[in-house]
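Subject: Structure for your review

Dear colleague,

Please find below the structure that I am handing over to you. My findings follow it.

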Amino acid sequence: MDDLLREFLTETNESLNLVDAELVRFEQEPNNGAILGNIFRLVHTIKGTCGFLALPRLETLTHAAETLMGKFRDGMPVTAEAVTLILSTIDRIKSILEAIETSEQEPEGGDGDLIDQLGRMARGEVAAPPRAAPLSQPAPAPVELKKPDQPEAPEKSDKQDKVGSERPDEERGDRLANHSIRVNVDTLDHLMTTVSELVLTRNQLLEIVRRQEDSDFKVPLQRLSSVTAELQEGVMKTRMQPIGNAWQKLPRVVRDLCAELGKDIELAMRGADTELDRQVLDLVKDPLTHLVRNCADHGIEAPAARIAAGKPAKGTIRLSAWHEGGHIIIEISDDGRGLDLAGIKAKIVEKGLASEAQLAAKSETEICNYIFAPGFTTAAKVTSISGRGVGMDVVRSNIEQIGGTVDLKSVSGVGATFTIKIPLTLAIVSALIVEAGGERFAIPQLAVLELVRAGNSGEHRIEHIKDAPVLRLRNKLLPLVRLKEVFRLGACDDENGFVVVTQVGSQVFGVVVDGVFHTEEIVIKPMSSKLRHIPVFSGTTILGDGSVIMIIDPNGVAQALGRAVAAAARAENSELQSREEENDEDTVSLLVFRAGSQQPKAVPLSLVTRLEEIDCRKIEISDGRHLVQYRDQLMPLLRIDAETSLKKEGAQPILVFSDQGRSMGLVADEIIDIVEERLDIEVSSDRPGLLGYAVIKGATTEIIDVGHFLPQAFADWFRRRDPSAARQARSVLLVDDSAFFRDLLAPLIKAAGYRVVAAASGADALAALKSDTRFDLIVTDIEMPEMDGFALAEAVRAMPGAAEIPIIALATMVSAETVERGRAVGFHDFVAKFDRAGLVAAIKEQGTDLNRAA
Amino acid sequence: MTTMNDTQLSDYVTFTTADQIFGLPIECVQDVFKPSRITRVPLAGPEIAGVLNLRGRIVTAIELRSRLGLAARGEGQVPMAIGIESRGESFGLLVDAVGEVLKLPDDEREPNPINLDRNLGRVAAGVYRLDGHLLVVLDIDRVLDLSLEAQAA
């Protein structure tokens, strides 16, 4: 391709991008003469160069656009239609330019349609809605451009281009043009590679001199070292570009979206001059555009909905960027509706990414982060903007590829914020050198949060949940992965290790290593093709001492960690939550005890009827079961697991659980304490009888599922006690969107002597009612997606034959407001979700009422 | 054995591993060096001896013995490395000892005998009958193609 033509294409594209951004600003501030002047100048420059390069089609089109813009500058009111027309003209110019780029000549065809419209609008034939006030001050036209009939010298046109492409601001542009030169990107890249090698060699020299005392090289080497550092910084600077370059297209994107979606959105940008490496900039451009589109499409509501929610009709998307310790942070936030949590949950289950039981244990942030899963989209209808099922996963992988992270925070009704954290440059990174199994490895410093010395003697001891190692760090459980085990370098010695606390995305975990050396600036060398399949490594590097070591990919290690990381993320999030909800009254009295293993166990105190110490001699064994006479009845004694043994002599501590005059005893070794604490089950368990693990008073504690033991003791009792109930077989319809709670509650209600039909949604429940109206009672969760408990109650009340069925509502939080609303829709009773005894009591009470009524 | 003057001659770098003489066409061989400070790579296949730094280049060391399904080199036996460039990457083929460079006529190269060890046959590109020895010519592309796995002998 002709050099001149290529130059023209590059510069014109840059100018066009500027015009885009300027035009949207112009539409917002039609009175700003300076902006108008800038746009006019840019279009004019393109036109002038077109003429010079003999591109007639382009020239005619830009000429028409220029004429119209000239009118605006002369005081003609600017309408939204006019801006749209000019934007479509610019689109046309772009497509022509693309064609020129591939074929080196203008494509066939004409632009009569656009030129006509432009001409008509310029002549004022299109009825532009009159403005209250015309432009207050027509911008003074730049003198040298006012005479389009003057033949233009190529040098001049060239200079104009520079001005345009550097900066819209005229004065500054002139200044910059005089002090900047164009350098081929390849040249800069090559320079960077060379500097990388220089840094390596310097490191090697430093290492050699470090081993020698009184070396003559010491002083000159120090000088070399500092000059190298300066050079490295300088070369990096040449590659730096303001992040605004990646933002240029966004105002136009948002404007087009607004037009398409009928929304009103303002894009506020802050920190556009924050600089980062151009390689990184290129890679972050697309993810940014996608996120902004996403905010506009999913986040910001339609104006009517916004007004209804008490927000200004105009939505705002805020883009900010700033530097923070070797990283650049880019934040994209909107003041829209936030993420649709119920929709995301439903989608997760539908896609089989997690079960409802798993979701029930997850935090909001964790659930939100599922939108980054491959193929995940919740948009109900596919728009041209988003909802095509590609996107967020690509966004995340693009950002992670360059060692960055993306995080998401969403508050329902208030908005969502994406935070992207990326390194300033990719070629040279700071790494922590660690040792495992006699080998050294480099962990990118970016992923390292802190270092903890672990060991049985020290403050931080590695504990185990089943076989999974964990570390308690500031009251949260940190899942650990032993590097030696991941690398199969032999057994690990937990005694004298270090834990490298590592973060990947929102996951935090600890990597156990044998030793930690120092941090070093390393130059990443690509991995050998024979080793690329190993996911835990991202590259190789040569250290200062000349040896080659592998660079660990924290993402790969996180995968090796698998489930434990998910658990850690949960621990992390629940910690965040507990911090946020510190003032909440949402605490539970827990009875902490020991039975069998040394690990403390806990049950909610409300379930325990009393604590007893029973003389061992009174314990009898009958039919393989331990029984004790207690208050003139035989009380079965149950052990939590096989490890628990009854004492041979002295007093045996027992937790007594009673219901309806019958009691069951759970054998304990020792009652430790009663604590008032928020119960956050951080790691759930598959073991029967165990709900999961939580940190209580700083210790990892097993939370016992009493529900598991009740039927063991009471199964026969229910049968014997109430034969009439069994005959009548009252049936209960249990409605809960979470399978976890359905599984938890259904056996409980069954154990109380009822037939249970479980429904996963309000719709399912209504269907069940239609097919079988002989339900005696409905137990429903209040918070459910699509149809909540209130809506269900209203629907039931309106259903012939079902209207009289009593309804018990399960609530996680009961406020006066909820109760009031519940009464209005016809709830008979409210029971806290966790209060199983209360539920059984409520069911019985409603049953008695029915009997009385009958 | 008579060598006619108009016969094409090829140069082979010869080396031994487990008492077998091998030859590689000299144009595939970059250099011969004594490998030092090989860094083991965890989770890599058994053929990968590790990575090392050769004058600023990172070289992936491949153990010919493992590649051929042979027993590991004895304690105290120091390997030599044949430096190879392949598709822009540097490799070092670890062998027991490096011999001389031989000029051998192309038309005396015989196809692999059908009873050649299967692991050897997979990477061999013919044999030469020397005085009292057989020289196995290696096909370097096949040696480096680790998907052609060696089976334990």
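Predicted model: local features only at pLDDT ≥ 70, side-chain atom pairs only at ≥ 80, totals over all residues.

On the side of chain B, P42(B), L43(B) and I58(B) supply 33% of the area buried against chain A, more than any other three residues.

Chain B itself contains three helices and 10 strands. Along the sequence these elements follow the pattern β-β-β-β-β-α-β-β-β-α-β-β-α. Of the 153 residues in chain B, 46% are buried. When contacts in chain B between residues at least 6 apart in sequence are considered, 58% of them join residues at least 24 apart.

**Nonpolar cores**

The largest nonpolar core comprises 66 residues, and F441(A), F537(A), L93(B) and L138(B) are those with the most contacts inside it. If neighbours within four places in sequence are left aside, the contacts of F537(A) include F441(A), F487(A), M527(A) and M550(A) in chain A, together with V41(B) and P42(B) in chain B. P42(B) is also one of the three residues named above for their share of the area that chain B buries against chain A. A second, separate core has 48 residues, among them A246(A), V253(A), C258(A) and I422(A).

**The mixed sheet of chain A**

Five strands of chain A form an open sheet in the order 2-4-5-7-6, and their pairing is mixed. Strand 2 (265-270) and strand 6 (405-411) of chain A stand at the edges; each has a single partner strand, so one side of each is left without a neighbour in the sheet. From one strand to the next, the twist averages 15 degrees. Within this sheet, strand 5 (residues 327-334) and strand 7 (residues 415-423) of chain A are joined by seven bridges in the antiparallel sense. H327(A) has P423(A) as its bridge partner in strand 7 of chain A.

Two helices may be described with this sheet. Helix 11 (residues 250-261) of chain A packs on it, touching strand 2 and strand 4 (315-324) of chain A, and its direction makes about 165 degrees with that of strand 2 of chain A. Helix 12 (residues 278-299) of chain A lies across strand 2, strand 4, strand 5 and strand 7 of chain A, at about 15 degrees to strand 5 of chain A.

With 12 residues at 1.5 Å a residue, helix 11 of chain A should span 16 Å, which agrees with the 16 Å between its end C-alpha atoms. Its buried residues include V253(A) and C258(A), both of which belong to the second core. R252(A) and R255(A) are also among the buried residues of helix 11 of chain A. G262(A) follows helix 11 of chain A and has a positive phi, near 65 degrees.

**The parallel sheet of chain A**

Another open sheet of five strands in chain A has the order 32-31-33-34-35, with parallel pairing. Its edge strands, strand 32 (755-759) and strand 35 (829-832) of chain A, each pair on one side only. Neighbouring strands of this sheet are turned by 20 degrees against each other on average, direction ignored. Strand 33 (residues 777-781) and strand 34 (residues 807-811) of chain A run parallel and are joined by four bridges. In strand 34 of chain A, A809(A) is the bridge partner of T780(A).

Helix 24 (residues 762-771) of chain A packs on the sheet and touches strand 31 (731-735), strand 32 and strand 33 of chain A; its direction makes about 160 degrees with that of strand 31 of chain A. Helix 25 (residues 789-797) of chain A lies across strand 31, strand 33 and strand 34 of chain A and runs at about 155 degrees to strand 33 of chain A.

**Two residues with positive phi**

R488(A), which is not a glycine, has a positive phi near 50 degrees. R488(A) is located in the loop between helix 18 (483-486) and strand 14 (497-504) of chain A, and it counts as exposed because its relative accessibility is 69%. In chain B, D19(B) has a positive phi of about 65 degrees although it is not a glycine. D19(B) is placed in the loop between strand 1 (9-17) and strand 2 (20-25) of chain B, and at 80% relative accessibility D19(B) counts as exposed.

Yours sincerely

Technical notes. Residues numbered from 1 in each chain as written. Chains lettered and ligands numbered in written order. Heavy atoms only, no water. Core = buried A, V, L, I, M, F, W, Y, C linked by side-chain atoms within 4.5 Å. Buried < 20%, exposed > 50% of the residue type's maximum accessible area, 1.4 Å probe, protein only. Contact = heavy atoms within 4.5 Å. Pairing = 2+ DSSP bridges. Axes fitted to C-alpha atoms, helices over the stretch in contact; angles between N-to-C directions. Expected span 1.5 Å × (residues − 1). Buried area = accessible area lost by both parts, 1.4 Å probe.
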